[in-house]
Amino acid sequence: MSTEKETLRQRSQPVPGGQQAPPAQPPSGFPPHSQGANPNEHMPPPLHGANLPSQPQNLPQGGYQQQPQYIYPQVPQYVLPQNPSLSQQPPTGYIRYNLNHPVMFCSTPAPKKSILEAYLLLIVLGLFGGHHFYLRRPVWGILYFFSFGLLGAGWLIDIFRLPVLVSRCNNDASQQNPNLAKKKHLDDAYVLWFPGGFLGLHHFYLNNIGLGVLYLFTFGLFGVGWLIDACLMPYHVKKANSNIPDCIEKSAAATCILAVSPAGLLGAHHYYLNRIGFGLLYTFTFGIFGVGYIVDWCRFPILLKRYNKSKEIGHTSHKHLDDAYLLWFPLGFLGFHHFYLNRPVWGLLYMFTFGLLGIGWLIDLCRMWKLVENCNKEIDERVHLTRNNRSVANPNYIQGQYYGNMPTTTVGGHVPVSYGQFGPCPPGYSNPNPGIYPTQQNGYGAVHGMNEQPPPYEAASIPTKGH
């Protein structure tokens, strides 16, 4: 600093000869400055990007002296990123916004309901469902409006359970979960069951449309189904809240109601379990004269389990011993158990001889299990043969014609002789489908149009036991 002040004093002194020294000019690259702009007599810092001399220029003779080199700090320059997509982002000094992210609008939570207001509406307009409209239950409000508060019974029950309804309404509104609106509640089911259960209102609420319609036209299955539902209501609600479709698994509660109620005399539980034959038989014989109706009170869990198992493993046509005995006792003299076991000739014989004068009917009591076993074996063999014969023989096959190399999956009168080659059945092998293979003309089974040559390999002999 002292050196710079002395230099300025020397410049301000007059030059000998009456001439003043020219004003000092800043080095090239520095901007000119006016008086008073820099009171501390410091030169302003250079602009960013100015061409600064690496060394001081040669000063003219006339009072200029070599000044010490002033080192200015290096200003870091902004370098664009290599990724062109990043170059379009705003500078780091600004708030970064993700423009590609979808805008999420948070819905305003619904206002909470007050218990005081709900009770006020319950007392004044409760018979017309005013408190249900207030608690966002419009279906219940309409039901109360047209049924005068479920004949007053629902209005009385709501006096005690109204705090639960208000709390449930506020919880559903705060969580914003659409599945909560579809959830069924046990208290609602019982409210609908007590006055409106004879019309099936609780089943309509629990999405049991079939039972609801049946209750509607049978007045709650003549009151028996209505009484059973008082004990099975928790199961109904749990079933309604589960994710098991009704078309895959049948309900045990529905089967019990249909079997025990008077509708079981008409075979309603058999229709429900897709046992159409037994359903029709129960309809025209009034539950097989009441015997089958009473027996089904105990065996309806077995029928339900059998149906659900058949849905899992596929449809089965096996016969069952309990069904055969049920047909044998009241209708065995007419041969109904033989018709059931696919023995139509014996069925007709029993029908016209009254069960072989009762002797055959008594013998069938002891040999019924054997008849059922033999029938199931025949069914299994028939199913096995049907599966093996699903691929029909090739209709374009001509006897005696060589088809060359064919894929191994092709059927229609050819069996593999070697890998990739098909021809007639070689010696030593049995013909699985006799009548569709060409007859062997010699020991090697030559084919018409080909040179008689032995097969690629001889058939291996099958060892016998003991060797």
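**Helix packing and annotated spans**

Take residues 324-341 to start: their end C-alpha atoms sit 8 Å apart, and the span is 72% helix and 0% strand. Keep in mind that this is a predicted model. The span is one of those that an unreviewed UniProt entry lists under "transmembrane region".

**Annotated spans**

- The UniProt record's other entries for "transmembrane region" are residues 118-135, 141-160, 189-206, 212-232, 279-304 and 347-366.
- For residues 347-366, the end C-alpha atoms are 17 Å apart.
- That 347-366 span comes out at 95% helix, again with 0% strand.

**The α9/α11 pair**

- Two packed helices are described by the angle between their axes and the distance between the axes.
- Here, helix α9 (residues 209-222) packs with helix α11 (residues 252-260) at about 30 degrees, and the axes are 13 Å apart.
- Angles under 35 degrees count as roughly parallel, so α9 and α11 are roughly parallel to each other.
- As for handedness, α9 and α11 cross in a left-handed way.

**Helix α7**

- Helix α7 covers residues 186-196, and its buried residues are Asp188, Ala189, Val191, Leu192, Trp193 and Gly196.
- What do the buried residues of α7 pack against? Their partners are α4 (138-151), α5 (153-175), α8 (201-205) and α10 (224-241).

Conventions: Residues are numbered from 1 along each chain as its sequence is written. This is a predicted model: local features need pLDDT of at least 70, side-chain atom pairs count only at pLDDT 80 or more; totals for chains, interfaces and linings use all residues. Side-chain values use heavy atoms; hydrogens and water are left out. UniProt positions are given in the numbering used here, feature names are shortened, and annotations may be inferred rather than shown by experiment. Helices (H or I, at least four residues) and strands (E, at least two) are DSSP runs, numbered from the N terminus. Axes are lines fitted to C-alpha atoms, for helices over the stretch in contact, and angles run from 0 to 180 degrees between N-to-C directions. Angles under 35 degrees count as roughly parallel, over 145 as roughly antiparallel, 65 to 115 as roughly perpendicular and the rest as oblique. A crossing is left-handed if the near helix is turned anticlockwise from the far one by less than a right angle, and right-handed if clockwise. Buried means under 20% relative accessible area, exposed over 50%, partly exposed in between (1.4 Å probe, protein chains only). Contact means heavy atoms within 4.5 Å.
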